[in-house]
Amino acid sequence: MPRTTAKSYFWKGCRNSLPFIFVAGPFSLLFGVLATEAGLKLYEMLTFSASVYAGSAQFTALQLLREDAPTMIILASSLAVNLRVGMYSASLTPYLGAAPLWTRAIVAYFTVDQSYSLSVAQYELAPEMTLSERLAYFFGTNAIIAPLWYTGTLVGAILGTGIPESFALDFALPIAFLAMVGPMLRTPAHIAAAFVSIVVALLCVSIPYNLGLLVAGTAGMMAGARAEQFLISRGVKI
Amino acid sequence: MNDVATSATGFETSTLWIVILGLALGSFALRFFFIGIVGDRPLPEWLLRHLRYTAVAMLPALVAPLVVWPSATGGEPDLPRMAAAAVTLAVGYVTKNVLMAIGSGAVTLYALLYLVGV
């Protein structure tokens, strides 16, 4: 009964995404709060969350908007932060590439950290899954998190103006991003990338138009790639 | 000065909409490029090797100046914020748990802000 198993994979995706409620929930609230503080109107931030649907890129754009960076720099930096979803899309392709074009377009929109990491783990675990089962699982991982992301933005926006200054919300973004980066530092190459990018970002802080961010990010990526090659040549498993 | 609509912090509304639209299209293009267009043709290894490090390079680069020269203190380096940043990163690295990292960072920040304030 292929329909039944597809359905059960959808629910499995929903169930497995439950822990991410505690990540997406607070982050979406925070986006709503910070966007309100930056002066965005409700419909502006909802359009933002629904059309972009990428937390780290949204936060980056918001921060640079507040710093009055030039539009092109805001776009380039936020998209650079989001380059990793391109990686996700590439690594989902062997599993979902056979789906019809419009389905792949919907998959593309919903490709985020949690749907990607859950799905690839599941596909590797159960190689016998059919295409429709894989799609059902993928959409299951988004069925709770995506609506949560939109409503969280809304709730954060409503709460936003009522939060007193003593909560030091100015520092919520750095803490949120560093908390995301910590678990990503899986290998010495990742640590090298982060370290180089921090040093270069601090040295380049006076470069105009916030270009320092792109310079530092590129330097960090090159450092990571070099470190990876070096480690592999030394026989270290990455 | 008053003929363009500006938000509370000064950027123009038109800038905001260009950013939203550009990011929406750009993010979708990034996500669609591989699964929609490239398909399962292999990508050059050097490109993949660099892409693997985008997140760990871009996010710290964005945050580092905000940690060292926080806007809330007028750009003066601030012990509670630096300590909170260090604790967040360290706890995230050790526990691999985003929420634990956020919690530890927030506790550090509030505790030190309270102590420094007294």
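Here are legends for a handful of close-up views of this predicted model.

Residues are numbered from 1 along each chain as its sequence is written, while chains are lettered from A and ligands numbered from 1 in the order in which they are written. In this predicted model, local features need pLDDT of at least 70 and side-chain atom pairs count only at pLDDT 80 or more, but totals for chains, interfaces and linings use all residues.

**View 1. Where chain A meets chain B.** Here 77 residues of chain A are in contact with 66 residues of chain B; "in contact" says that their C-beta atoms, placed from the backbone, lie within 7 Å. On chain A's side you'll find 50 nonpolar, 20 polar and seven charged residues. For that tally, Ala, Val, Leu, Ile, Met, Phe, Trp, Tyr, Cys and Pro are nonpolar, Asp, Glu, Lys and Arg are charged, and the others, Gly among them, are polar.

**View 2. The two domains of chain A.** Domain 1 covers 2-169 and domain 2 covers 185-238, with bounds from an automatic or database domain assignment. Their centres, taken over C-alpha atoms, are 25 Å apart. Eight residues of domain 1 of chain A touch six residues of domain 2 of chain A. Helix α5 (residues 71-81) of chain A gives the largest share of the domain 1 side, four residues. Helices here are DSSP runs (H or I, at least four residues), numbered from the N terminus.

View 3. Most residues other than glycine have a negative phi. Y53(A) isn't a glycine, yet its phi is positive, about 45°. Look for Y53(A) in the loop between α3 (42-52) and α4 (55-66) of chain A. D68(A), also not a glycine, has a positive phi of about 60° and lies in the loop between α4 and α5 of chain A. Is Y53(A) buried or exposed? Y53(A) is buried, because 23 other C-beta atoms lie within 10 Å, whereas D68(A), with 14 such neighbours, is partly exposed. The cut-offs: buried is 20 or more other C-beta atoms within 10 Å, exposed is 12 or fewer, and partly exposed is in between, with C-beta atoms placed from the backbone.

**View 4. L65(A) in the largest nonpolar core.** This core has 108 residues, and L65(A) is one of those with the most contacts inside it. A nonpolar core is a set of buried Ala, Val, Leu, Ile, Met, Phe, Trp, Tyr and Cys residues joined through C-beta atoms within 7 Å. Helix α3 (residues 54-68) of chain B supplies the largest share, 11 residues. Leaving aside neighbours within four places in sequence, L65(A) touches A38(A), I74(A), F11(B), L16(B) and V19(B).

Notes
Two residues are in contact if their C-beta atoms, placed from the backbone, lie within 7 Å. Helices (H or I, at least four residues) and strands (E, at least two) are DSSP runs, numbered from the N terminus.
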